[in-house]
Amino acid sequence: MIELIYLTILLPLLGFVINGFFGKKIGNEKVIGLIGSSTVGISFVISLLALIETINLPVEQRTNVVELFTWMSVGSLNISFSYLVDQLSLVMALIVTGVGFLIHVYSIGYMHGDKGFYRFFAYMNLFIFAMMNLVLGDNFVVLFLGWEGVGLCSYLLIGYYYDQKFEKGTVAQAAKKAFIVNRIGDFGFLLGMFLIFETFNSLNFLEVFSQAKHLTGAETTFGFIALFLFIGATGKSAQIPLFVWLPDAMAGPTPVSALIHAATMVTAGVYMVARASIIFASAPVILAVVAVIGLFTAVFAATIGLVQTDIKKVLAYSTVSQLGYMFLAAGVGAFSAAIFHVMTHAFFKALLFLGAGSVIHSMHHQQDIMHYGGLKKYMPVTFLTFIIAAFAISGFPGLSGFFSKDEILWFSYANGNFVYWLLGALTAVLTAFYMFRLVSLTFFGEERFSHEKYHPHESPKVMTVPLIILAVLSVIGGWIGIPEVFSGEHGNVFHNWLAPIFLDAELKLAYYGAHSHTEELILMAISVSAALLSMYGAFKIYTQRREIAEKFALKFKKAYKVLLNKYYVDELYEAAVIQPIQKSSEKFLWKIADNKLIDGVVNGTAVVITSFSSVIKKMQTGVAQFYALIMMAGIAAILFWIILSL
Amino acid sequence: MNTIPIEYYLLISAFMFSVGVTGVLIRRNAIVVFMCIELMLNSANLALVTFSSFLGDPAGQVFVFFVMTVAAAEAAVGLAIIIAIFRNKLTVNIDEINIFKW
């Protein structure tokens with residue numbers, strides 16, 4: 001099945017073509033939904049078979065390249081459309097197609113009756129196509145193709161309700177914001193690619209990485225490459241300073257938020273950093289930058305998440321925060337922990353978003369959690385799955401989030417330092433708090449909505465079954481990565497599976513921390529008990545003693561306001577970047593450079609030519625004989641000249 | 001045999017050509033201008049034949065045939081144009097045919 005891996009990319013493209021071009025004619029939602037989901041489902045099966053085949057191969061043969069055709073060949077630049085099937089890309093491909101398939105099925109129920117039903121599925125399939133190119137591409141150019149493709153699909157799907165209002169602006173503006181912020185990151189990524197080609201004379205992963213392994217002493221070059229690539233990652237994966245687009249991306253339909261802005265696309269940056277681990281490992285300074293940015297983003301976004309009242313906004317900031325975790329892991333050299341968290345996060349965050357979608361669906365698109373409450377009894381399946389996901393993300397022992405988060409925290413201490421661990425654990429506490437605030441306000445307490453207006457009800461089976469499957473995955477998904485301290489001699493299965501990919505990077509980083517298991521257990525106990533306490537506190541406060549929260553907000557009014565307004569980052573960017581650009585565009589680029597300079601040059605040229613021609617046009621009398629005379633005179637002159645020069 | 005020197009031929013050819021040019025430049029009647037063009041063509045033919053004869057190279061005479069062919073075609077097309085113009089403007093005075101100007 002490995003050599004058939006290209007089918008996992010072609011099938012979603014086929015789905016896109018069918019639904020995109022003929023969807024309107026087909027019209028039948030069942031057929032469109034079936035085409036959209038089954039293409040992704042079959043891709044998942046193929047990926048799964050490829051995984052099984054790879055598992056059966058000996059370790060050193062697990063990296064396979066499936067070459068399709070040469071894309072471009074210019075000088076020493078040789079780009080072929082080929083796909084790299086190895087441990088890392090298979091994990092990513094399974095996440096993308098697996099979670100993607102569930103979300104496609106869910107969307108059949110969620111988007112039921114929407115006028116753009118076929119358009120939605122066409123875009124979703126196009127997204128899967130682009131994402132599969134991103135994770136399976138065997139060189140930076142195919143990766144970049146997917147990278148831009150998912151950006152485009154993200155834009156299209158955020159702007160899906162293009163004719164509606166969103167917060168202060170419109171949905172179209174939110175989509176545009178996401179696209180433009182992503183472009184800023186892409187600029188960095190492109191520069192990184194150029195520098196890679198300049199340095200290694202190749203853009204193929206295997207060639208570049210094997211060269212990078214042996215290249216020593218070029219720390220500045222590596223530093224710049226890593227920095228540029230990381231700028232690209234901050235754009236795509238919503239890290240400081242380019243995270244501002246992700247909260248606005250919630251303008252899209254909720255399954256889109258689940259698929260693109262939680263489970264898959266936003267983790268592309270983490271995947272890319274993990275894929276280029278050897279480059280990052282060769283630039284320790286930038287690797288530290290990655291860790292610090294990730295850590296700050298994690299804390300920063302988690303604090304904002306504490307006070308938001310829009311259910312999707314809370315989840316959006318939670319996603320930003322969890323992505324920060326992944327970069328923290330990558331930044332301390334624990335690349336497999338980062339990918340592990342990508343996987344578990346895909347399960348529980350997709351579940352959270354889909355659960356939120358189920359709530360929003362039944363509450364007629366009311367998204368304010370202050371207008372929810374007591375929904376537990378109306379939608380038991382959604383409630384049950386949602387709370388499982390909330391437990392998972394909060395790191396409840398035994399669930400998937402616990403293993404991945406704990407591994408990251410452990411490595412941030414073992415490979416990093418105590419401050420990393422402390423801030424990471426703080427984020428875990430904050431995460432537990434805002435998640436249970438969300439759960440309490442939505443599903444518990446008194447009902448704060450009018451029964452005349454809202455009739456909460458459980459969602460149809462087509463929506464709840466994916467929720468249940470994801471809930472099961474959120475519980476057991478972490479069991480493949482049980483750390484050594486619990487599993488004993490086998491070690492961490494997931495870590496061992498990915499180890500060959502990150503071996504070179506880990507050798508180069510050479511962390512040989514001599515930390516005992518006792519230390520690990522103590523730290524784990526501290527962070528877990530703090531998180532549990534925080535969960536309990538949030539639950540108590542928001543179900544029974546809401547006045548405590550209100551008093552707290554009043555007491556720290558300023559801090560509360562800052563958090564509610566998301567640290568004024570949007571306003572800061574507006575004032576520091578957007579306004580100056582707009583003003584200077586208007587005052588200088590438009591009124592002076594364009595109107596005066598460029599128009600002046602163009603019009604001036606025209607004026608000069610007009611005045612010149614008004615003189616010489618008099619030569620054009622319209623009398624043919626006059627023209628003939630001039631011609632004759634010319635011939636005579638030339639003849640004279642020739643004769644005289646003989 | 002006493003042959004006529006080449007200069008004579010060439011002079012008469014040059015003379016004919018000059019008459020043709022002058023006619024093209026100064027006459028007003030399109031038919032006459034047209035005839036003057038024929039005169040120029042024929043002066044060139046004369047020069048070609050002269051050189052062909054004096055140099056013993058038949059290529060010049062072959063060339064003349066081509067010129068005559070072109071001249072015949074040109075006469076047909078040119079006369080057709082003059083007739084078309086006459087039908088439109090009821091004149092063949094080329095001073096009055098001057099719509100191609102600013």
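Into which domains is chain A divided?

## Domains of chain A

This is a predicted model. Chain A splits into domain 1 (1-138), domain 2 (139-564) and domain 3 (570-645). Domain 2 of chain A and domain 3 of chain A have their centres 58 Å apart, going by C-alpha atoms.

Between those two assignments in the numbering comes a residue to look at, A:Tyr568. A:Tyr568 sits in the loop that links α24 (557-564) to α25 (569-616) of chain A. Its phi is near 55°, which is positive even though the residue is not a glycine. A:Tyr568 counts as exposed because it has 12 other C-beta atoms within 10 Å.

Strand β1 (residues 64-74) of chain A pairs with strand β2 (residues 77-85) of chain A; the two run antiparallel and are joined by 9 bridges.

How many of the 11 residues of β1 (residues 64-74) of chain A are buried? The count is 0, so this strand is hardly covered, as a residue needs 20 or more other C-beta atoms within 10 Å to be buried.

## Helix α19 and what surrounds it

Helix α19 (residues 461-476) of chain A is made of 16 residues and spans 22 Å from first C-alpha to last, close to the 22 Å expected at 1.5 Å a residue. Its buried residues include A:Met463, A:Pro466, A:Leu467, A:Leu470 and A:Val475. A:Thr464 and A:Ser474 are also on the buried list.

What do the buried residues of α19(A) pack against? Their partners are α3 (87-110), α15 (335-362), α16 (380-393) and α17 (400-416), again in chain A.

## A buried histidine

A:His495 belongs to helix α21 (residues 493-509) of chain A. Is A:His495 buried or exposed? With 21 other C-beta atoms within 10 Å, A:His495 is buried.

Setting aside neighbours within four places in sequence, A:His495 makes contact with A:Ser336 and A:Gly481. A:Phe335 is 160 residues away from A:His495 in sequence, yet their C-alpha atoms are 9.2 Å apart in space.

Most residues other than glycine have a negative phi, and most peptide bonds are trans. The peptide bond joining A:Ile240 and A:Pro241 is cis, with omega about 5°. A:Pro241 is in the loop between α8 (219-236) and α9 (245-248) of chain A.

A:Asn201 has a positive phi, near 60°, without being a glycine. This asparagine, A:Asn201, is in the loop between α6 (171-200) and α7 (205-214) of chain A. A:Asn201 is partly exposed because it has 14 C-beta neighbours inside 10 Å.

Chain B has 3 helices and 0 strands, giving the pattern α-α-α along the sequence. Its C-alpha atoms fill a box of roughly 55 × 25 × 25 Å along the principal axes. The radius of gyration of chain B is 17 Å, while a compact globule of 102 residues would have one near 13 Å. Of those 102 residues, 9% count as buried. Among contacts in chain B with a separation of 6 or more, 45% involve residues 24 or more positions apart.

Technical notes
Residues are numbered from 1 along each chain as its sequence is written. Chains are lettered from A and ligands numbered from 1 in the order in which they are written. This is a predicted model: local features need pLDDT of at least 70, side-chain atom pairs count only at pLDDT 80 or more; totals for chains, interfaces and linings use all residues. Helices (H or I, at least four residues) and strands (E, at least two) are DSSP runs, numbered from the N terminus. The expected span of a helix is 1.5 Å times one less than its number of residues. Two residues are in contact if their C-beta atoms, placed from the backbone, lie within 7 Å. The radius of gyration is taken over C-alpha atoms; the globule rule is 2.2 Å times the number of residues to the power 0.38. Domain bounds come from an automatic or database domain assignment. Two strands pair if DSSP finds at least two bridges between them.
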